[in-house]
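Please look through the structure below before reading the notes. Keep it open while you work through the points.

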Amino acid sequence: MNQLDNLLKSIIAHVNVNLREFVDVGPHIRHLVDNDKLANFYGFYALTPHHPLYFKFTESCLSGTYFLGKCVATRSIIYKSDIRGDELKRRGDVVSVDGLNIRIYDDEIIFIRDSFLLKTLVHNNSHDPENLEKFSIRNTVALHWSNIHGSTMEGCFLGPFATVDLTSSHNCVFGAYSYTQASDLSNVYVPPGRIWIKVENGFEFTYQFDDKVLEKYIAYETGSAPTGLLMDYVEDRKGDFIPIYSSVQENPVPVPPGASLSPYAVVKGQTRIDRNVLVAQRAYLEEAWLGEGSNAQENCYIVHSSLEGEDVTAHGGKIIHTHLGRHIFVGFNAFLHGSPENPLQVGDNSIIMPHTIIDAEEPLEIPANSLVWGYIQNADDLAKNSIPLEEMEKVDGELEMGSMKFSGKGKMFADVFRHRIQHILEENGAFYDGKNGKNGAGHAQKNHDMAFNTMQPYPSGQLRGLYPGLEISPTSLDYFAHIDD
């Protein structure tokens with residue numbers, strides 16, 4: 001048994017100590033990725049003048065993984081994941097928690113230990129008030145295309161295409177294609193296909209996908225890669241990513257001022273991006289138009305579609321044969337699937353909830369200022385799974401529509417989404433005016449000055465697939481002080 005096998009065995013033991021009441025993670029991951037694959041891909045990190053630099057990797061496999069911002073990984077296997085720390089808190093920042101102002105004394109750092117992350121998106125922006133200087137992922141397994149977004153976790157299991165968002169989780173299991181945003185959770189099982197958003201003393205939103213629908217779009221059996229239409233869509237296009245990781249690519253389309261197009265994004269056909277657009281690594285654009293201030297985040301697919309402007313496509317969102325108006329939010333792992341015969345249109349200022357599936361079997365037009373969720377194929381489904389935001393704001397109590405249940409204050413619910421969309425656009429630099437004032441630079445502009453550096457694992461022997469211990473830190477200016485000009 002080589003050291004990579006020993007590492008996997010150790011991770012399974014650490015996670016199972018936390019999850020022994022729920023699941024044995026061993027059968028889920030023991031044979032999921034061959035050691036040959038783990039040994040064949042380089043890891044890489046982005047170096048910029050805008051993000052504090054510090055990386056430390058020990059006893060880990062980083063195969064195909066991207067790092068940005070301060071990160072530490074130890075005793076972990078991280079395969080083709082995106083670890084994105086571009087919103088880490090800085091030393092000297094003041095964070096308000098329940099009316100208390102807390103000063104940050106050290107730069108926040110992403111800390112991954114005893115974990116197995118497979119094609120997982122990690123984005124920090126932690127909301128854990130008890131650990132403001134450390135974004136921790138410990139003793140955790142996260143499978144294909146899951147999202148850990150602003151969510152510290154310890155001892156958790158995420159099934160394929162699951163999203164845990166703005167939630168501190170302890171000893172929890174999140175089923176395939178579930179979406180959870182619930183502040184603090186401990187010893188909770190979230191079933192596959194459950195959409196759950198809860199704010200204490202505010203509101204609670206739940207929706208449960210039918211088992212047959214889940215099986216069609218995302219089916220998962222222990223120890224096997226997921227199947228279904230969502231997985232097929234990704235697998236059918238993964239070959240397009242091979243060339244961009246094989247050599248440095250020039251921009252395949254013009255990139256206007258203020259916009260950013262990652263060299264690790266696929267761009268095909270007559271694609272156009274406008275000012276202040278952000279296209280992240282592992283995004284996929286084909287015959288797409290992204291209007292001013294729009295974005296395509298990691299693992300997004302925008303195909304034969306147009307986004308008029310200031311549209312947010314959250315991690316894993318897929319938009320096919322669809323026209324979006326302005327200022328529209330398409331949530332995590334949403335699947336908007338029109339076709340030439342059955343196009344889909346979404347009106348201005350609408351919110352497509354995370355993990356929404358719209359698979360049009362007839363032309364569909366979603367009115368402006370709509371809230372949309374669940375599973376939709378036709379106009380009848382749309383009527384059961386959407387509501388005008390104006391009507392949602394009037395809800396103060398209970399609301400049931402099909403498989404959706406809501407309780408609490410509808411206006412607060414709508415406002416939380418609106419504020420978050422505005423925050424995302426501001427952070428991404430959608431409103432950048434070339435100055436450093438209110439509409440200053442965001443991710444789209446700061447990503448211009450970015451260099452990519454690669455790391456290689458041991459190619460053979462007992463350490464094959466593991467990376468040597470590495471520590472990468474800023475060069476001290478004092479080092480150069482003795483050198484004459």
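This is a predicted model: local features need pLDDT of at least 70, side-chain atom pairs count only at pLDDT 80 or more; totals for chains, interfaces and linings use all residues.

1. Residues are numbered from 1 along each chain as its sequence is written, and side-chain values use heavy atoms, leaving out hydrogens and water.

2. Helices (H or I, at least four residues) and strands (E, at least two) are DSSP runs, numbered from the N terminus. Helix 1 covers residues 3-19, which is 17 residues. From first C-alpha to last it reaches 24 Å, close to the 24 Å expected at 1.5 Å a residue; the expected span is 1.5 Å times one less than the number of residues.

3. Asn 2 caps the N-terminal end of helix 1, with a side-chain oxygen 3.1 Å from the backbone nitrogen of Leu 4.

4. Which residues of helix 1 are buried? They are Leu 4, Leu 7, Leu 8, Ile 11, Ile 12, Val 15, Asn 16, Asn 18 and Leu 19. The buried residues fall within an arc of 165° seen down the axis of helix 1, so they line one face; the arc is that of the directions from the helix axis to the C-beta atoms. The face turned away from the buried side carries the exposed residues Lys 9 and Val 17. Here buried means under 20% relative accessible area and exposed over 50%, partly exposed lying in between (1.4 Å probe, protein chains only).

5. Two strands pair if DSSP finds at least two bridges between them.

6. Strand 5 and strand 10 (residues 116-118) run parallel and are joined by three bridges. Ile 78 stands opposite Leu 117 in strand 10.

7. A second open sheet has 12 strands in the order 44-45-24-23-20-17-14-11-6-3-1-46, with mixed pairing. Its edges are strand 44 (396-401) and strand 46 (451-455), each with a single partner strand, so one side of each is left without a neighbour in the sheet.

8. In this sheet, three bridges join strand 1 (residues 43-47) to strand 3 (residues 66-68), and the two run parallel. Ala 46 stands opposite Leu 68 in strand 3.

Note on methods. A polar contact is a pair of N or O atoms within 3.5 Å; within protein, one must be able to donate a hydrogen and the other to accept it, and residues adjacent in sequence count only if both atoms are side-chain atoms.
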